[in-house]
There are 2 protein chains.
Amino acid sequence: MSGSSTVSETYAARAVALDAADGLAGYRELFALPEGVVYLDGNSLGALPRAVPGRVQDVMAREWGELLIRSWDESGWWTAPERIGDRLAPLVGAAPGQVVVGDSTSVNVFKALVAAVRLVDDEARDEILVDATTFPTDGYIARSAARMTGRTLRPVRPAEVPGALGPRTAAVLLNHVDYRTGRLHDLPGLTAAVHEAGALAVWDLCHSAGALPVGLDTHGVDLAVGCTYKYLNGGPGSPAYLYVAARHQERFDSPLPGWTGHANPFGMAPDYAPADGAVRGRVGTPDILSMLALEAALGVWDGVGVDSVRAKSLALTDFFLECVRDYLPEGRVEVVTPLAHTERGSQISLRCADAGEVMKALIERGVLGDFRHPDVLRFGFTPLYVGFGDVERSARVLAEVLQRS
Amino acid sequence: MSGSSTVSETYAARAVALDAADGLAGYRELFALPEGVVYLDGNSLGALPRAVPGRVQDVMAREWGELLIRSWDESGWWTAPERIGDRLAPLVGAAPGQVVVGDSTSVNVFKALVAAVRLVDDEARDEILVDATTFPTDGYIARSAARMTGRTLRPVRPAEVPGALGPRTAAVLLNHVDYRTGRLHDLPGLTAAVHEAGALAVWDLCHSAGALPVGLDTHGVDLAVGCTYKYLNGGPGSPAYLYVAARHQERFDSPLPGWTGHANPFGMAPDYAPADGAVRGRVGTPDILSMLALEAALGVWDGVGVDSVRAKSLALTDFFLECVRDYLPEGRVEVVTPLAHTERGSQISLRCADAGEVMKALIERGVLGDFRHPDVLRFGFTPLYVGFGDVERSARVLAEVLQRS
């Protein structure tokens, strides 16, 4: 066994030193985490920020219960989608006025892809490319968007995108970080390649926003979507968001032109006239409880730079990889996530044949990661509430489980 | 002035007697309403059921905060859309397995209309008819559904629907109760006429569900949608629902085939295979806070029959019309809502030139209704928490306001 007590003592001591030097360590206090648990599934459901329950209680008891309908104006409910969009925007590198919160990621993928095809507005560009390794809903929705705009869907691996681009390409839908492997794709390079080919780039940020710099404006991304319940800690199924680059807003033509995206929603006009800005990406009445829970959750980012989060994330995953290498029985797992920093998200995925059983045993021992069919153990590292001691413990417990199974 | 003290004393005494005889009077205790307010805007935002805050607190602190990701299984989060759909189904006259909760009404209108065109599957049927007087979002979304399925949108008044139906009609989108006038449309008769013409009927139940019997199954409705934040008291912007009649489910082909409507969502297969039943109407990850708030809100319906709600609703609106007739300065307002019970929803709309100012004055005096541009005062009567004393008071205060203005 390579996870000898001497080795683990050394790593435990290193973890103590790393935690002591961690400038983000204090942020853990902003979250309510159960005692005795190492939570490495924040890339599936972020932990509960302590500020959320009190705020939601106030929304229910006072804003809904007492002010009732008046809260649409007086409590700022009506403008929540764009206000919270602006709050979230710096985390994805967007200037104000380009992000609107609401609906699910799937619904926003549909809006973004259909709108992209309409922005390109060229019948000869009859293909939509989609990341073949992406989270499946993106592919399902992209197929529907292609079908409903008379285009063909062409699934390709991200590495094959540059070769697949051409005069037939209308739009490309890519994931910034692969949900299964944790691979970080080259957003600047791929976006540039897509533009070079005369097409538009739509990025899904579900597994990157809140964990690493995205730089939507800097890299000239056209449209983007993402969820808020992973690294943004908005709560289970909290509203997603849509980014529409300022230069595309005037011609952004939504397939879901609901009344709250209308230029004058209370005019109740029979014809649709889109609002200016990202607001035209709104559809129906905003879901206030979930949306204001998200707004409260975003408070943990006050004063936090995404660069410092990224630095800690890489330190955490580097440390986990070291512990894994030295603790685990040799050959028992295969590291699926790329080792190069430029290709790594904020998770480490390990392949092992009995991953389902191993994850069950880990969870019983208080280490919560998740299992992705058929053979992947997935560990997400959320820099705001995961420390180096957690990393050491999780690798140690994983070694124990693997030695017993 | 016709609202003399003698008249108002008589009506006040009648209100006391009516409240005493009201079998639903006790349900008011299930709601948290502010002191001193008559709330006649439940047709815009239903009042807060007392059970909601405690339940949502538990969802946040325990299910999210402590159980974390495990709650998707252990707390029943994953199956919430169909479970809450089944809970809601009896209120709209649907047998289990046909209603799924999620997304906004607008998004569900899109699913339902596109699916209806695909169910009809006949190129010659190239028209979608839509209620020209409907809440605008239905018309906006219907236009998009028509555009994306290669059909033409034809707005017609509900009374003109029978004459407009024909071999070119694919689907018809109608509102059960008009949001502005409170007119109740003939769902059984219009559905039969639509079927006679070989088309499908899609109904929007936003202003009827929870206020009167709908009878979706009995009347053979094909598809329906509705919100849950009016008479169903789910909270601001709470999730909407979609009804897919059992006979159409196998061929229901959603334009938003998200991963949670997949037959095997965690198989992460690259190709979409729809789940059986109304579940295929699901799209993205369900919004749990809002959805479970709605579930708790639906608890107020335990033991309540929709027929008794309808009987009280008609008694309330009849009584309001009597008070209005005898209290208000003659000719000052025009009753817009039909007087016939068969054509009346659960609201009374009054037209008066200075409606905006009048509603402001009413709200200052604790009577909360709403104003619909340009000249409509709208009063919604929610039988579970509005009593006859409230009705008398609101008409009396309205008379005072009109006499001063």
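## Close-up views of a two-chain predicted model

**Figure 1. Helix α8 of chain A, seen from its exposed and buried sides.** In this predicted model, the exposed residues A:P188, A:G189 and A:E196 sit on the face of α8(A) that is turned away from its buried side. The buried residues of this helix, which spans residues 187–196, are A:L187, A:L190, A:T191 and A:V194. Seen down the axis of α8(A), these buried residues fall within an arc of 100°, so they line one face of the helix. If you like to check such patterns by eye, recall that an α-helix has 3.6 residues a turn, so residues three or four places apart point the same way. The partners of the buried residues of α8(A) are α7 (161–164), β7 (169–175) and β8 (200–204) of chain A. Just after the helix comes A:G198, with a positive phi of about 85°.

**Figure 2. Helix α12 of chain A and the elements it packs against.** Here the helix covers residues 355–364, and its buried residues are A:A355, A:V358, A:M359 and A:L362. They cover an arc of only 100° around the axis, which puts them on the same side of α12(A). Against these buried residues pack β13 (367–368), β14 (370–372), β15 (376–380) and α13 (388–404) of chain A. Following α12(A) you will find A:G366, whose phi is positive, near 85°.

**Figure 3. An open sheet in chain A.** Follow the order β11-β12-β15-β14 to trace the 4 strands of this sheet, whose pairing is antiparallel. β11 (334–335) and β14 of chain A stand at the edges with a single partner strand each, so one side of each is left without a neighbour in the sheet. Strand β12 (residues 347–351) of chain A is joined to β15(A) by 5 bridges, and the two run antiparallel. For a closer look at this pair, find A:R351, whose bridge partner in β15(A) is A:V376.

**Figure 4. The contact of chain A with chain B.** Each side can be counted: 64 residues come from chain A and 64 residues from chain B. On the side of chain A that touches chain B, α2 (51–64), α5 (105–120), α6 (136–149) and α10 (288–297) of chain A each supply at least two residues. α6(A) gives the most, with 8 residues. The residues on this side of chain A divide into 40 nonpolar, 18 polar and 6 charged.

**Figure 5. How the two copies are related.**

Notes. Residues numbered from 1 in each chain as written. Chains lettered and ligands numbered in written order. Predicted model: local features only at pLDDT ≥ 70, side-chain atom pairs only at ≥ 80, totals over all residues. Buried ≥ 20, exposed ≤ 12 C-beta atoms within 10 Å, placed from the backbone. Arc of directions from axis to C-beta. Contact = placed C-beta atoms within 7 Å. Pairing = 2+ DSSP bridges. Nonpolar A, V, L, I, M, F, W, Y, C, P; charged D, E, K, R; others polar.
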